[in-house]
Amino acid sequence: MKLVLASHGGLGCEMIKSVAMILGVSVFERAKCVELLEGESLENYYEKLSRSVDGETVVLCDLFGGTPSRAALMLLQEGKVRAVLTGFNMPMLIDLLSNEAPDVESAVRSARQAGVQGVRAFVGAEFREISESQEKSLIEKS
């Protein structure tokens, strides 16, 4: 499975470098990045991204709804990539690169879960963690 990180600016490229610090330089053989440049059009970015993917590629995008994810979803719709994940983070990329899932859908599902579990919030000197159930409770009370 080939991975392409699609992002605004160099975020994807820097994420790959950071993950390589943890998993080793072999990361560069499996993951590439495509940067959206300031002022670049969706059409131009789509062409650039399409040159970096094939039918086995999983595209990770920095932000759902931005130009990189819109271009990636167009490629998915056309069958030119295998899957698209948005809102990438380090746990998600580490999971994809170290996971030995039997198929792409299982790998993507596992990476999504790793990405969600990697987002945690703590407050106060006692490191009180804000949990999802506490957030739901606060929403229900308001």
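**Overall architecture and selected local features**

Helix H1, spanning residues 11-23, contains Met21. In this predicted model, Met21 is exposed, because its relative accessible area of 72% exceeds the cut-off of 50% applied to exposed residues. Together with Ile22 and Leu23, Met21 forms a nonpolar patch on the surface. The accessible area of these three residues together is about 330 Å².

The protein as a whole comprises seven helices and six strands. Along the sequence, these elements follow the pattern β-α-α-β-α-β-α-β-α-α-β-β-α. The C-alpha atoms fill a box of roughly 50 × 35 × 30 Å when taken along the principal axes. Of the 142 residues in the protein, 37% are buried. The accessible surface amounts to about 8,500 Å², and carbon and sulfur atoms account for 54% of this area. Among contacts between residues at least 6 apart in sequence, 63% join residues that are at least 24 apart.

Four of the strands are arranged in an open sheet with the order E2-E1-E3-E4, and their pairing is parallel. The edges of this sheet are formed by strand E2 (31-36) and strand E4 (83-86), each of which pairs on one side only. From one strand to the next, the twist averages 20°. Within the sheet, strand E1 (residues 2-8) pairs with strand E3 (residues 57-61) in the parallel sense, and five bridges connect the two. In this pairing, Ala6 stands opposite Cys61 of E3.

Helix H4, formed by residues 67-77, lies across E1, E2, E3 and E4.

Notes: Residues numbered from 1 in each chain as written. Predicted model: local features only at pLDDT ≥ 70, side-chain atom pairs only at ≥ 80, totals over all residues. Heavy atoms only, no water. Patch = residues over 30% accessible without salt bridge, like charges linked within 9 Å, V, L, I, M, F, W, Y side chains within 5 Å. Areas by Shrake-Rupley, 256 points an atom, 1.4 Å probe, with all protein chains shown as cover. Salt bridge = Lys/Arg side-chain N within 4 Å of Asp/Glu carboxyl O. Buried < 20%, exposed > 50% of the residue type's maximum accessible area, 1.4 Å probe, protein only. Pairing = 2+ DSSP bridges. Axes fitted to C-alpha atoms, helices over the stretch in contact; angles between N-to-C directions. Contact = heavy atoms within 4.5 Å.
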